[in-house]
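Please open the structure in the viewer and keep the sequence at hand.

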Amino acid sequence: MTTTSAAGTAPDGSAVPAAPPPFDPELAAALTVIAESIPRVFTLEMLPALRGANSIMQAPTSEELSLGGAFEITERQVPGPAGAPDITLLIGRPSGATTPTAALYDIHGGGMIVGDNRTGLLPMLEWARELRAAVVSVEYRLAPETPHPGPVEDCYAGLVWTAAHADELGIDPGRIVVAGGSAGGGLAAAVALLARDRGGPALAAQLLLCPMLDDRNDTPSAVQMAGLGVWDRASNEVGWTALLGAARGGPDVSPYAAPARATDLSGLPPAFIDVGSAETFRDEAVAYASRIWQAGGVAELHVWPGGFHGFELMAPQAAVSRAAAAAPLNWLHRVLAD
Amino acid sequence: MRLAAVDPDASAAVRVIGYFDQLTEAGAGLEAIVRGAAVLTGCPARLTDGGRRISLRVAPDGSPGAPAGPPDGSWLSASASASASTSTSTSTGADGGAVLWLERPGPAGPVEAMVLERAAAAARTVLAKTRGRAPTRPVDDQAAVEVLIDPGASPEARRHAAGALGLAAGTRVRAVALAGGQARIVPAADAGVDAGGPRAGIGTAVGLEGLPASWAGARTALRLTADGSDDDPGPRSVWYDELGGLALLAENVGSATALIPDELALEHAALAGPWVLPTLHAVATTASLRAAAATLLVHHSTLQERIAHAERLLGWPIREPDGRHRLYLALALRRLRRHLRADG
């Protein structure tokens with residue numbers, strides 16, 4: 001059981017205020033209703049219940065994903081990384097599109113340990129519908145069974161295949177946006193780093209929603225929010241340790257596992273980063289945006305007051321959730337404008 | 001998060017209570033409360049209150065928006081007014097007090113009933129804290145009010161003005177006449193007067209089309225108000241409905257009406273000292289001399305001396321009912337005369 005630290009200093013030397021930011025009133029009220037159905041701390045023992053056909057996470061059907069026929073939904077088996085199994089891409093193409101469209105390359109969340117290529121896909125499809133864009137969602141191997149670099153390499157391989165087959169998919173290869181939430185946001189940031197460092201594929205932008213960026217798990221917000229809200233510091237440690245094993249938090253962690261470790265954030269595609277003020281990931285998300293600007297790059301940062309991790313998915317009707325759901329779409333319109 | 005669909009068991013009630021308790025504790029506003037009602041029931045929700053010009057509607061997806069039309073009387077609702085009970089009902093809210101609605105007909109299921117009760121209670125708390133009747137744009141509102149109290153205004157102008165004030169057809173309202181000339185329109189059930197505000201005459205409860213008559217009554221009632229000072233004792237607010245025969249008196253005493261001897265006697269008595277008028281007012285308006293003494297904070301024997309003195313000045317006895325009624329009318333006439341001069 002973690003305990004919140006009293007006012008003092010965090011392991012990284014910065015001062016830690018004792019009281020966390022308050023939750024937004026509507027989100028706090030929503031938590032009283034939904035909290036019972038969310039585990040307080042995720043542990044590996046829960047994984048069977050959270051994965052596969054019996055998952056309590058209730059993956060949407062292809063019919064639901066089609067949004068009433070707005071998308072043609074197909075699944076393709078495509079080559080994974082060299083020496084690794086094939087991966088599955090779920091592809092949503094806007095019905096009746098006659099010219100190449102932009103595409104959201106979506107990487108699902110789930111703390112690195114749960115989820116599939118349908119997890120969290122509906123909001124992406126709703127944005128894509130407004131943009132008349134395609135969506136490609138990659139199913140990557142999960143930790144702990146597959147440690148780093150397996151998951152990120154699966155994601156990168158899926159992006160490579162998508163860009164190479166853009167014509168066939170009706171996609172404009174110059175307008176692919178890598179996107180993801182939570183662990184998916186961390187993987188999306190890592191894929192953007194890989195694409196830069198390996199010379200391709202080209203990415204128009206990176207959409208990082210409450211991203212999981214820093215295995216060190218010791219920022220002031222991680223400490224401050226321990227034991228509170230959703231995906232607290234303890235759960236975060238479970239996820240990172242599943243991915244990195246004993247190397248977690250140590251000196252040898254790759255930036256392609258934990259993008260916060262990257263020393264060079266120049267030359268990246270324009271970034272959208274959002275996070276709640278009352279979640280574990282607040283400070284690492286803010287730091288990532290700050291370092292992009294310090295390197296002369298382009299980024300848009302939104303910190304939603306009183307938001308806990310994943311609030312816009314769990315309480316979508318709240319006023320702050322509606323604002324948080326509108327901002328990425330607003331940005332996508334701008335970055336994809338001709 | 002829609003409890004009615006997902007979780008119909010008893011624990012839903014606990015969660016509803018927890019939800020609105022949390023909103024109230026965190027100081028959430030009316031829109032968040034109405035949104036909670038909509039989201040937890042999966043039904044559009046609405047808060048109406050003609051008096052404070054609130055008309056909030058939120059859809060089950062959380063999106064706020066102006067209502068397309070007035071509430072349907074068959075919808076589920078609960079009062080969010082300070083003075084009303086908390087039971088759910090299918091009332092029309094026609095009295096104009098605050099009402100929380102779920103936009104579907106009854107009967108209410110257990111979750112809906114609990115949501116209505118808790119959301120209305122939360123809204124009541126917010127409304128009580130922000131209680132106040134000042135319009136946000138006094139100039140525009142005063143113009144709309146003047147149209148509605150004007151017997152010569154066209155039906156179309158009246159409809160426009162009612163819309164500007166957020167008054168739905170069928171709302172019961174009262175006209176209020178304030179010293180200084182300002183007119184107000186308030187919901188019939190909720191008409192209170194701010195202590196320390198200007199003197200007020202409050203008209204009869206009417207439908208919107210009856211406002212000119214209600215206004216005339218409010219003006220009459222205003223003439224019977226008093227500053228509440230030693231020189232002008234009496235009530236600062238008067239309800240036309242409670243005047244009875246005094247209304248007839250007020251409506252028939254004008255600036256051309258000659259003073260009667262009792263009025264002259266009263267003015268003469270008042271000159272004897274600042275204690276005279278308050279003492280006479282207390283004697284005229286309380287049930288017994290002991291009660292009068294308590295109101296004046298004087299000893300019973302002091303009061304007896306004062307009464308004896310006043311009777312000599314007035315020229316008639318005031319301890320018995322007949323004399324007290326005569327005194328009461330004289331004091332009322334005095335107030336009427338003052339306001340004929342001052343308020344026009």
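Begin by selecting Pro149(A), which is found in the loop between strand E6 (134-139) and helix H5 (150-164) of chain A. In this predicted model, the peptide bond that joins His148(A) to Pro149(A) is cis, with omega at about 10 degrees. Most peptide bonds are trans, and most residues other than glycine have a negative phi.

**Another cis bond, in chain B**

Move to Pro107(B), in the loop between strand E6 (99-105) and helix H4 (110-129) of chain B. Gly106(B) and Pro107(B) are joined by a cis peptide bond with omega of about 0 degrees.

**Two residues with positive phi**

Return to chain A and select Met112(A), in the loop between strand E5 (101-107) and helix H4 (121-131). Although Met112(A) is not a glycine, its phi is positive, at about 80 degrees. Is Met112(A) buried or exposed? Met112(A) is buried, because 30 other C-beta atoms lie within 10 Å and the cut-off for a buried residue is 20 or more.

Next, select Arg132(A), in the loop between H4 and E6 of chain A. Arg132(A) is also a residue other than glycine with a positive phi, here near 55 degrees. Arg132(A) has 14 C-beta neighbours inside 10 Å and therefore counts as partly exposed.

**The sheet of chain A**

Now display chain A as a cartoon; it has twelve helices and ten strands. Of its 338 residues, 51% are buried. Among the contacts in chain A with a separation of 6 or more, 74% are between residues 24 or more positions apart.

Colour the strands of the open sheet in chain A, where eight strands follow the order E3-E4-E6-E5-E7-E8-E9-E10 with mixed pairing. Which strands stand at the edges? They are strand E3 (71-78) and strand E10 (299-304) of chain A; each has a single partner strand, so one side of each is left without a neighbour in the sheet. On average, neighbouring strands of this sheet are turned by 15 degrees against each other, direction ignored.

Within the sheet, select strand E8 (residues 205-209) and strand E9 (residues 271-276) of chain A, which run parallel and are joined by four bridges. Here Leu209(A) stands opposite Asp274(A) in E9(A). In a regular strand, the side chains alternate between the two faces of the sheet.

**The nonpolar cores**

Select Ala103(A), Val177(A), Ala188(A) and Val191(A): of the 84 residues in the largest nonpolar core, these touch the most other members. Helix H7 (residues 183-197) of chain A gives the most to this core, with ten residues. Centre the view on Ala188(A); leaving aside neighbours within four places in sequence, its contacts include Ile107(A), Val178(A), Gln206(A) and Leu208(A).

A second, separate core has 62 residues, among them Leu31(A), Ala324(A), Ala98(B) and Val126(B).

**Where chain A touches chain B**

Show both chains together. How many residues does each chain give to the contact? Chain A gives 15 residues and chain B gives 17 residues. On the side of chain A that touches chain B, the elements that give two or more residues are helix H1 (25-34) and helix H12 (319-335). The largest share of that side, eight residues, comes from H1(A). By type, the residues on this side of chain A are eleven nonpolar, two polar and two charged.

The buried residues of H12(A) are Ala319(A), Val320(A), Ser321(A), Ala324(A), Pro328(A) and Leu332(A).

**A hairpin in chain B**

For the last stop, select strand E7 (residues 173-178) of chain B together with E8(B); these strands run antiparallel and are joined by five bridges. Ala175(B) has Ile185(B) in E8(B) as its bridge partner. The hairpin of E7(B) and E8(B) has four residues between the strands, and Gly180(B) in this hairpin takes a positive phi near 105 degrees. Finally, select strand E8 (residues 183-187) of chain B by itself: five of its five residues are buried, so this strand is largely enclosed by the rest of the structure.

Note on methods. Residues are numbered from 1 along each chain as its sequence is written. Chains are lettered from A and ligands numbered from 1 in the order in which they are written. This is a predicted model: local features need pLDDT of at least 70, side-chain atom pairs count only at pLDDT 80 or more; totals for chains, interfaces and linings use all residues. Two residues are in contact if their C-beta atoms, placed from the backbone, lie within 7 Å. Ala, Val, Leu, Ile, Met, Phe, Trp, Tyr, Cys and Pro count as nonpolar, Asp, Glu, Lys and Arg as charged, and the others, Gly among them, as polar. A residue is buried if 20 or more other C-beta atoms lie within 10 Å of its own, exposed if 12 or fewer, and partly exposed in between; C-beta atoms are placed from the backbone. Two strands pair if DSSP finds at least two bridges between them. Axes are lines fitted to C-alpha atoms, for helices over the stretch in contact, and angles run from 0 to 180 degrees between N-to-C directions. A nonpolar core is a set of buried Ala, Val, Leu, Ile, Met, Phe, Trp, Tyr and Cys residues joined through C-beta atoms within 7 Å.
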